[in-house]
Amino acid sequence: MLDDEAPSSRLVGQAAEAAEASFLSAADDPVYVEAVRILAVLAQSGTSDALGPALRREGLDLDRSESLLDLLHAVSTRLDEVGRSGGKTSDLGELARRSLLGTLHAMLVDRMPGLFTEERGDLANALGAFSGPDGFSALARGFFTRMTSETLAYWLERTLGAHVGDPGRRDAFDAALDQYSAEATRMIKEFSVGWFAKNALFSDGVPAHKTRGFAAIAFKKINDELKRKSEVDA
């Protein structure tokens, strides 16, 4: 199937089957669960008048300059701490870290004046666009789309190099895989809005046990959709 010019739904379905155990056991990985919790924390903090203190209460030690790079560093440090306290690291946790940092950078950088021209308050303004249920939904879908693509690519990686070696063709393959992942995460939008409104909108902080259930169901929904699409297109 990798000899085709782009990933077919059948190929994506096969990768989803290979990754199914990872998808369904993801909520057992503390780094993945923490990554999802951080998304909810950021959607809460977007309405705060004091961004730094709000994030520090949730374990994100944001520097006083409150820049985008400081936020990414604080998130990475927090995920490191959770990984160490969990007693082990996993490939899934590393995929979650990479996906979260990539999502935050991609979604916030365009709302910033520039990495070298930031002023205090710019990050808070950027995060404000992702506050509340709709903001959390946008962040969550961006994260799950990226992580789904990363997870599927992880299961294909050993054979991708041999069958899709040309850089231009590999770029096209990756873009198509991203598109499949985006289509598979459409249901996350509505699901995320309802979950945040019920569990985080009027809460003081976001405990891990609440996000664990959301994190588990989200990946199950995505995996089911990938397999459904594969069967329909077969």
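I looked up helix α2 (residues 30-45) against helix α5 (residues 91-109) in this predicted model. Their axes come within 8 Å and cross at roughly 20°. Axes here are lines fitted to C-alpha atoms over the stretch in contact, with angles from 0 to 180 degrees between N-to-C directions. Helices are DSSP runs (H or I, at least four residues), numbered from the N terminus. α2 and α5 are therefore roughly parallel (angles under 35 degrees). I noted the crossing as left-handed (near helix turned anticlockwise from the far one by less than a right angle).

Next, the contacts (heavy atoms within 4.5 Å). V31, Y32, A35, I38, L39 and L42 in α2 meet G93, A96, L100 and L104 in α5. By class I have nine nonpolar residues, one polar and no charged; Gly counts as polar.

Then I turned to aromatic pairs. I found eleven (ring centres within 6.5 Å; planes under 30 degrees apart are stacked, over 60 edge-to-face, the rest tilted). F144 and F214 sit 6.2 Å apart by ring centres with planes at 65°, so this pair is edge-to-face. F144 is in helix α7 (residues 132-163) and F214 in helix α10 (residues 208-233), so the pair ties together parts 70 residues apart in sequence. F144 also pairs edge-to-face with F219, at 5.8 Å and 75°. F219 is in α10 too, 75 residues from F144. I checked burial: F144 and F214 are buried, and so is F219 (under 20% relative accessible area, 1.4 Å probe, protein chains only).

Residues are numbered from 1 along each chain. Local features need pLDDT of at least 70, side-chain atom pairs 80 or more, and side-chain values use heavy atoms, without hydrogens or water.

Technical notes. Helix = DSSP H or I, 4+ residues; strand = E, 2+ residues; numbered from the N terminus. Parallel < 35°, antiparallel > 145°, perpendicular 65-115°, else oblique. Phe/Tyr/Trp six-rings, centres within 6.5 Å; stacked < 30°, edge-to-face > 60°. Buried < 20%, exposed > 50% of the residue type's maximum accessible area, 1.4 Å probe, protein only.
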